[in-house]
Amino acid sequence: EDGLYMIEGDVTQKVVLGPDQDTLEDIYFRGAIPVHVEYSDGSQEEIPLLIEGEKTRVRLKVTKKPKKIGFNADNEILTVSAGKGSRF
């Protein structure tokens, strides 16, 4: 888009509590989650992404071709799966 590369997707969240991971309905976190982007040329960038509500639509424009994308990949923020982020 506009001669740039587009990273798109949806982030869905739920808040769980306790060892049984009971879901707390209608309660969501709001905060900046780091997105780590590694480019084909070997350079890297961290882009803060505001997450709020049950689902957040992601649309990030970057100037270089992405090779790897990590969402909360270094477990900076709490995640549902015992502190495991995602790498794509």
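The following legends describe close-up views of a predicted model.

In this predicted model, local features need pLDDT of at least 70 and side-chain atom pairs count only at pLDDT 80 or more, while totals for chains, interfaces and linings use all residues. Residues are numbered from 1 along each chain as its sequence is written, and side-chain values use heavy atoms, with hydrogens and water left out.

**Figure 1. Overall strand content of the chain.**
The chain has eight strands and zero helices, where helices (H or I, at least four residues) and strands (E, at least two) are DSSP runs numbered from the N terminus. Along the sequence the pattern reads β-β-β-β-β-β-β-β. Of the 88 residues in the chain, 23% are buried; buried denotes under 20% relative accessible area, exposed over 50%, and partly exposed in between (1.4 Å probe, protein chains only). Of the contacts between residues at least 6 apart in sequence, 53% join residues at least 24 apart, a contact being heavy atoms within 4.5 Å.

**Figure 2. The largest nonpolar core.**
A nonpolar core is a set of buried Ala, Val, Leu, Ile, Met, Phe, Trp, Tyr and Cys residues joined through side-chain atoms within 4.5 Å. The largest such core holds 12 residues: I7, V11, I33, V35, V37, Y39, I47, L49, I51, V58, L60 and V62. Two or more residues each are given to this core by strand 1 (5-12), strand 4 (31-39), strand 5 (44-51) and strand 6 (55-62). Strand 4 supplies the largest share, four residues. In soluble globular proteins, nonpolar side chains tend to be buried together.

Strands pair if DSSP finds at least two bridges between them. Strand 4 runs antiparallel to strand 5, to which eight bridges join it, and P34 stands opposite P48 in strand 5. These two strands form a hairpin with four residues between them, and G42 in the turn has a positive phi of about 95 degrees. Strand 4 is also antiparallel to strand 7, with five bridges joining the two; here V35 stands opposite F71. Leaving aside neighbours within four places in sequence, V35 is in contact with E45, E46, I47, L49, L60, I69, G70 and F71.

**Figure 3. Surroundings of Y39 and K64.**
K64 lies over the face of Y39, at 5.5 Å from the ring centre. The rule for a charge over a ring requires NZ of Lys or CZ of Arg within 6 Å of the ring centre and within 35 degrees of the ring normal. Y39 is also one of the residues of the largest nonpolar core. From C-alpha to C-alpha, K64 is 10.0 Å from G3, although the two are 61 residues apart in sequence. G3 lies in the segment before strand 1 and is exposed, at 77% relative accessibility.

**Figure 4. K67 in strand 7.**
K67 belongs to strand 7 (residues 66-71) and is exposed, with 55% relative accessibility. Apart from residues up to four places away in sequence, K67 touches E38, Y39 and S40. The C-alpha atoms of K67 and D41 are 8.7 Å apart, with 26 residues separating the pair in sequence.

**Figure 5. T56 in strand 6.**
T56 is found in strand 6 and is buried, at 10% relative accessible area. A polar atom of the T56 side chain lies 3.0 Å from the backbone oxygen of E52. Not counting residues up to four places away in sequence, T56 touches G9, D10, V11, L50 and I51.

Q21, in the loop between strand 2 (15-17) and strand 3 (22-24), has a phi near 50 degrees, a positive value in a residue other than glycine. With 43% relative accessibility, Q21 counts as partly exposed. D26 is located in the loop between strand 3 and strand 4. The phi of D26 is near 60 degrees, which is likewise positive in a residue other than glycine. D26 is exposed, its relative accessible area being 68%.

Note on methods
Polar contact = N/O pair within 3.5 Å; in protein donor to acceptor, adjacent residues only side chain to side chain.
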